[in-house]
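This report describes the fold, the packing and selected residues of a single model. The sequence and the structure are shown first.

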Amino acid sequence: MRRGRRIAVDVGDARIGVASCDPDGILATPVETVPGRDVEAALRRLAAIVGEYEPLEVVVGLPRSLSGSEGPAAAKVRDFAQRVAKIIFPVPVRLVDERMTTVTAAQGLRASGRNAKKGRSVIDQAAAVIILQSALETERVSGKAPGESVEVVP
């Protein structure tokens with residue numbers, strides 16, 4: 001397991017959930033919810049978070065269907081991840097499978113007694129936490145960085 005903090009991003013149209021982990025990669029915790037409608041402002045805020053946390057890498061959740069295929073949402077996230085990779089270079093960006101993370105986060109919040117409508121911004125952060133915990137577990141088990149690398153295209 002590589003030592004170093006990681007940042008996870010759950011990209012949505014309205015909101016972007018952000019989570020981080022400790023330098024040992026043991027526990028993922030919520031950071032904040034970034035408004036997503038103004039993409040340029042969102043990119044600037046993510047760059048500021050990366051500058052503040054100085055992560056080993058940024059992990060972006062890639063939405064796939066249950067069958068594993070990619071649709072329009074995945075194409076949007078791939079484009080967004082490419083833009084993030086450009087502005088935070090040389091910090092690497094990786095895409096990881098995020099199937100069911102938002103559903104799992106919403107179920108967890110409901111189980112803890114939180115209202116889904118009032119907790120939308122928290123759901124995005126919780127989804128980012130789940131994405132990061134999954135990526136950390138994948139690396140712990142495989143010994144390899146999770147997901148696929150986003151190459152910076154000039």
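Where is the place of aspartate 38? Aspartate 38 is in the loop between β3 and α1, where helices (H or I, at least four residues) and strands (E, at least two) are DSSP runs numbered from the N terminus.

## Basis of the model

This is a predicted model, in which local features need pLDDT of at least 70, side-chain atom pairs count only at pLDDT 80 or more, and totals for chains, interfaces and linings use all residues. Residues are numbered from 1 along each chain as its sequence is written, and side-chain values use heavy atoms, with hydrogens and water left out.

## Overall organisation

The protein chain contains 4 helices and 6 strands. Read from the N terminus, its elements follow the order β-β-β-α-β-α-β-α-α-β. Of the 154 residues in the protein chain, 42% are buried; buried means under 20% relative accessible area, exposed over 50%, and partly exposed in between (1.4 Å probe, protein chains only).

Contacts (heavy atoms within 4.5 Å) can also be sorted by sequence separation. Among those in the protein chain with a separation of 6 or more, 65% come from residues 24 or more positions apart.

## The sheet

The 6 strands form an open sheet with mixed pairing, in the order β3-β2-β1-β4-β5-β6; two strands pair if DSSP finds at least two bridges between them. β3 (28-35) and β6 (148-149) each have a single partner strand and stand at the edges, so one side of each is left without a neighbour in the sheet. Helix α1 (residues 39-53) packs on the sheet, where it touches β1 (6-11), β2 (15-21), β3 and β4. The direction of α1 makes about 150° with that of β3, with axes taken as lines fitted to C-alpha atoms, for helices over the stretch in contact, and angles running from 0 to 180 degrees between N-to-C directions.

Strands β4 (residues 57-62) and β5 (residues 93-97) run parallel and are joined by 5 bridges; in this pair, valine 60 stands opposite leucine 95 of β5. By contrast, β2 and β3 pair in the antiparallel sense, over 7 bridges. Alanine 19 has proline 30 in β3 as its bridge partner. The two strands β2 and β3 form a hairpin with 6 residues between them, and glycine 25 in the turn has a positive phi of about 70°.

## Helix α1

How far apart are the end C-alpha atoms of α1? They are 21 Å apart, which agrees with the 21 Å that its 15 residues should span at 1.5 Å a residue; the expected span is 1.5 Å times one less than the number of residues. Just after α1, glutamate 54 takes a positive phi of about 50°.

The buried residues of α1 are Ala42, Leu43, Leu46, Ile49 and Val50. Seen down the axis of α1, these fall within an arc of 120°, so they line one face of the helix; the arc is that of the directions from the helix axis to the C-beta atoms. They pack against β1, β2, β3, β4 and α2. On the other side of α1, Arg44 and Glu52 are exposed.

## Nonpolar cores

In soluble globular proteins, nonpolar side chains tend to be buried together. A nonpolar core is here a set of buried Ala, Val, Leu, Ile, Met, Phe, Trp, Tyr and Cys residues joined through side-chain atoms within 4.5 Å. The largest has 25 residues, of which Val9, Ile16, Leu46, Val58, Val60 and Val93 touch the most other members. Two or more residues of this core come from each of β1, β2, α1, β4, α2 (72-88) and β5, and α2 gives the most, with 7 residues. Apart from this core lies another, of 12 residues, among them Ala19, Cys21, Ala128 and Val129.

Isoleucine 16 touches residues that include Val9, Leu46 and Phe80, not counting residues up to four places away in sequence.

## Selected residues

Glutamine 125 lies in helix α4 and is buried, with a relative accessible area of 16%. Residues up to four places away in sequence aside, glutamine 125 touches Gly17, Val18, Ala19, Pro30, Val31, Glu32 and Thr33. Isoleucine 130 is also in helix α4 (residues 120-142), and counts as partly exposed at 27% relative accessibility. The C-alpha atoms of isoleucine 130 and alanine 8 are separated by 9.0 Å, although these residues are 122 residues apart along the chain.

Aspartate 38 counts as partly exposed, at 45% relative accessibility. From C-alpha to C-alpha, aspartate 38 and arginine 15 are 9.8 Å apart in space, and they are 23 residues apart in sequence.
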